[in-house]
Amino acid sequence: MRRIDLTQMKENEKGIIVELLGGCGFLRRLEVLGIRKGKEVKKISKQVLGGPVIIQVGNTQVALGCGMARKIIVEIK
Amino acid sequence: MKKILLMGNPNVGKSVIFSRLTGTYVITSNYPGTTVEFTKGYTEINGEKVEVIDVPGAYTLEPTNTAEEVAVKMLEEASREKDCTIIQVIDATNLERNLILTLQLLSRNLPLLIALNLWDEAKHLGIQIDFQKLEAILGVPVVPTVAITGEGIKELKEKIPEAKKGKCLMGEKWQEIGRIIDEVQKVSHRHHTFSEKLNDLTIRPATGLPLALIILYLVFLFVRLGGESLTTYLLDPIFNKLYLPFLARIINQSSLPKFLVRILLGEKMEPLSGLGLLTTGPYIPFVIVFPYLFVFYLLLSLLEDIGYLPRLATLLDTFFHRLGVHGYSSVPIILGFGCKVPALLATRLLERKREKIITTALLMMMAPCLPQSAMIVSLIAPHGTKYLFLVFGLLFFLSLIVSFLLSKIFRGETLELFLEIPPYRRPVFSLLWQKTWLRLKGFLKEAVPLILGGVFLISILEISGVIDLIGKFLGKPLLYLLGLPERTIGVITTGFLRKDVSIALLAPLNLTLKQLVIASIFLTLYLPCLSTFFVMGKELGWENLLKVAAIQLLSGLSVCFILNQVLSGT
C-alpha cells in the first residue's frame, strides 16, 4: 500500500481516494463530480510541465490543475 | 401559461432534449446582469402552449459558479409561479453523481419529472438501470430517453402532466444515493469503445498536442477560406451588382437634400472609402464580417457539440496559465489570427472579467488579422524575410509582455483548471444549424445597430471637419515621432474602417523599408477596426474597451517610437 497524491500517480494507474485536503468549497466542487473518499480513481493522463491532470472516477473524466491534484491523496495497492 | 424548466448537470444532452421538445422558434438571452445565456422556446401539451426554459447546466443547487447561481435563481423565480414543472435530465452513465441534484430538486417540493438520457450509451457501457424501481423510490416519473435519436421523447412529453412532487429523502445524501444505486443499477463487463480510444489520443500531450495544432489550423483555414469565398463570390457581387445600383436609383429619383444624400451614400458610392450610412453601414457587418462569423460559428458549434473544447482547454492550459489566463483562452486567441470579431465573441467562453480582459488584449495584439497579415507580407517580404520576422516577432513579444503586465495589474489569481471532460458525442446536424443561426442572429441584432451608428458618427465628424482637425493637430506631431511622412495620415484614418485595406494603401506611398515596418506595426496596434471596436465594447463594457484600446495605442506608439530611433534608415 502506497499513499501518494494524484500528481505522483502514473498513467493508467488506479487507486482509492483516502483523503481530500482543502476547504469546504473545494470539497463540494469535487463531490458533485463524484470525487470523494472511498471512490476508485484512474489516472488518464498528465500534461507536461506542471499542467493539469486528468482522472476518471466512475464514468466521469475530470481535468484539474496541479495544485488541486496535490490535495487528493490516494492509496495504491 | 404553464412553464417547464429543463435542468441537469452540464453535458447530459439537455439542449438536445430541449430542441426535441420545442419547435423552431427559440430565443437565447442573457440572464439579467450576467453573461450566462439561456434558451427559451415553446411546446404544446394537451393543446396548451407551454414555455420551456433550458436552464444553464448545474451540478448542484449550492452554487459553485455563476451558471449555477443563475440556475438556482431561475428555479426560485419559477417556483413562485403556479403551474411550473421541472424536468431533470440525467446522464444514465453517471447516475450516482446526477442524483445529488435530484435529491436537491426533490427537497424543493416542485412537480418533477426525470429524463434518463443517454440510455443507449449506458447500455453500451454495460450499465443496467431499473428505471421503474427508481420511479418508485423517488416518487416521480422516470422516462429513459436517447435525445440524439429522439427515442423516448414522445413518452417524456406524454408524462409531463404526471410530474409530481416526489418523496423527500431525508437521510444523509451519500447513504441515500448509495442505497438507490444498489437497488436500481447493475454494471457488467464492458469493452473499450472507439470514443474512449479517441479520447486517450486527443488528451495525452504526446499525441493530443500535435492533433490540437492540426485541428486549430484547420479551423483557421476553413474560417479564412470559407469566409473569403463567401465574400468574394457571393456577398460582394450581390452588394455591388444588385444592392448598390438599386440604392442609387432610388436615391437619385428622390429629391433629398444634398447633405442627406452625402450621409446616406457617402462621398462616393464605394463602401470602403465613402462612409455612407446605407453603403458602408451594411457593407461592413454583412459583407465583411458575416461570412467569417458564419463559418466560425458553425465550426465552433461543431467542436463544442462533439465535446472537443474541454480537451483543447486542458491541453493548452499549461502554456496559457503562465500568461495569466485559462486554457479556454486558446480558442479566442487563435481565432484572433483570422478575424478579431469572432475571436472577441469567443471570449464568452470565459467566465471571469479578468480573464476576458487579458485574453482580449492578447488576441488583439498578438498578431494582425489575417487579411492584414497578408498585406504586410506582400509589402515587406520583397525586402527580406528577416524584416517580416521583425514585425511579427515584435508584435508577438509585445503581446506577451502586455498580458503579463495586465495579469499583475488586474488583481486576482489565475484559477486552476477544473472541468469535466465529457465523452465524445455524435453531433446532430439540425441542432448545429440552429445553434449557428441563433448565434448569428445574436450578432446581427447586437452589432449591426452599433456599426451603423458608428459609421453615422464618423461621417458626421468627417463632414463637419473634425477629423481633418484631429489630423492636423494630432497627426503631424505623431508622424514626426514615428518618422512617417504626412501622406500616411489619410491611411491611418481609413484604417479604422477596415485595417487590411489601410495597409494596402501604404503601397503607393513609396515608403522606405523602415517606414513600412513602423507603419505596419503601428497600423496593427493603434486602434481596433470599426467592427471590432463595437463588438469589444459590447463584450467587455465600454470602460474596459477604452482601457484595452489605450493599452494598444500606447504600446503601439512607444514601440514604433523606439523603432524609429533604433532602426537606421534604409
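Which residue in β6(A) stands opposite A:R3? In this predicted model, the residue of β6(A) that faces A:R3 is A:E75. Strand β6 itself spans residues 72-76 of chain A and is mostly covered, 4 of its 5 residues being buried. Strand β2 of chain A (residues 14-20) also runs antiparallel to β6(A), and 4 bridges join the two. Within that pairing, A:E19 stands opposite A:I73. A:R3, A:E19 and A:E75 are in turn connected into one network by salt bridges that share partners.

The interface between the two chains involves 31 residues of chain B in contact with 31 residues of chain A. In chain B, the greatest losses of area to chain A fall on B:R204, B:E416 and B:F418, which together account for 24% of what that side buries. The area buried between chain B and chain A is about 2800 Å², of which 53% lies on carbon and sulfur atoms. Polar contacts between the chains amount to 21 residue pairs, with both residues at pLDDT 80 or more. On the side of chain B that touches chain A, at least two residues each are supplied by α3 (95-107), α7 (173-184), α8 (194-203), α12 (309-321) and β10 (418-421). The residues of this side comprise 13 nonpolar, 7 polar and 11 charged.

A strand pairing also crosses the interface. Strand β5 of chain A (residues 60-64) and β10(B) pair in the antiparallel sense over 4 bridges. In this pairing A:L64 stands opposite B:F418, a residue that is also among those losing the most area in chain B to chain A.

Side chains of opposite charge can pair when their charged atoms come close. Over all chains, the count comes to 23 salt bridges, and 5 salt bridges are counted between chain B and chain A. One of the pairs links A:R36 to B:E96, with the closest N and O atoms 2.7 Å apart. Another is formed by A:E11 and B:R204, for which the corresponding separation is 3.2 Å. This pair crosses from the loop between β1 and β2 of chain A, where A:E11 lies, to the loop between α8 and α9 (205-253) of chain B, which holds B:R204. A:E11 is partly exposed, at 37% relative accessible area, whereas B:R204 counts as buried at 16%. B:E62 and A:R28 form a salt bridge with their closest N and O atoms 3.7 Å apart. B:E62 lies in the loop between β4 (48-54) and α2 (66-80) of chain B and A:R28 in helix α1 (residues 24-31) of chain A, so this pair likewise joins two chains. B:E62 is partly exposed, with a relative accessible area of 36%, and A:R28 counts as partly exposed at 29%.

Within chain B, B:R179 forms a salt bridge with B:E176, their closest N and O atoms being 2.9 Å apart. The two residues lie in helix α7, 3 residues apart, about one turn of the helix. B:R179 counts as partly exposed at 37% relative accessibility, while B:E176 counts as buried at 12%.

Elsewhere in chain B, B:T359 is located in helix α15 (residues 353-365). B:T359 has a relative accessible area of 0% and is therefore buried, the cut-off for this class being under 20%. A polar atom of the B:T359 side chain lies 2.5 Å from the backbone oxygen of B:E355. Leaving aside residues up to four places away in sequence, B:T359 touches B:V325, B:S329, B:P332, B:I333, B:T347 and B:L350.

Conventions:
Residues numbered from 1 in each chain as written. Chains lettered and ligands numbered in written order. Predicted model: local features only at pLDDT ≥ 70, side-chain atom pairs only at ≥ 80, totals over all residues. Heavy atoms only, no water. Buried < 20%, exposed > 50% of the residue type's maximum accessible area, 1.4 Å probe, protein only. Pairing = 2+ DSSP bridges. Polar contact = N/O pair within 3.5 Å; in protein donor to acceptor, adjacent residues only side chain to side chain. Contact = heavy atoms within 4.5 Å. Buried area = accessible area lost by both parts, 1.4 Å probe. Salt bridge = Lys/Arg side-chain N within 4 Å of Asp/Glu carboxyl O. Nonpolar A, V, L, I, M, F, W, Y, C, P; charged D, E, K, R; others polar.
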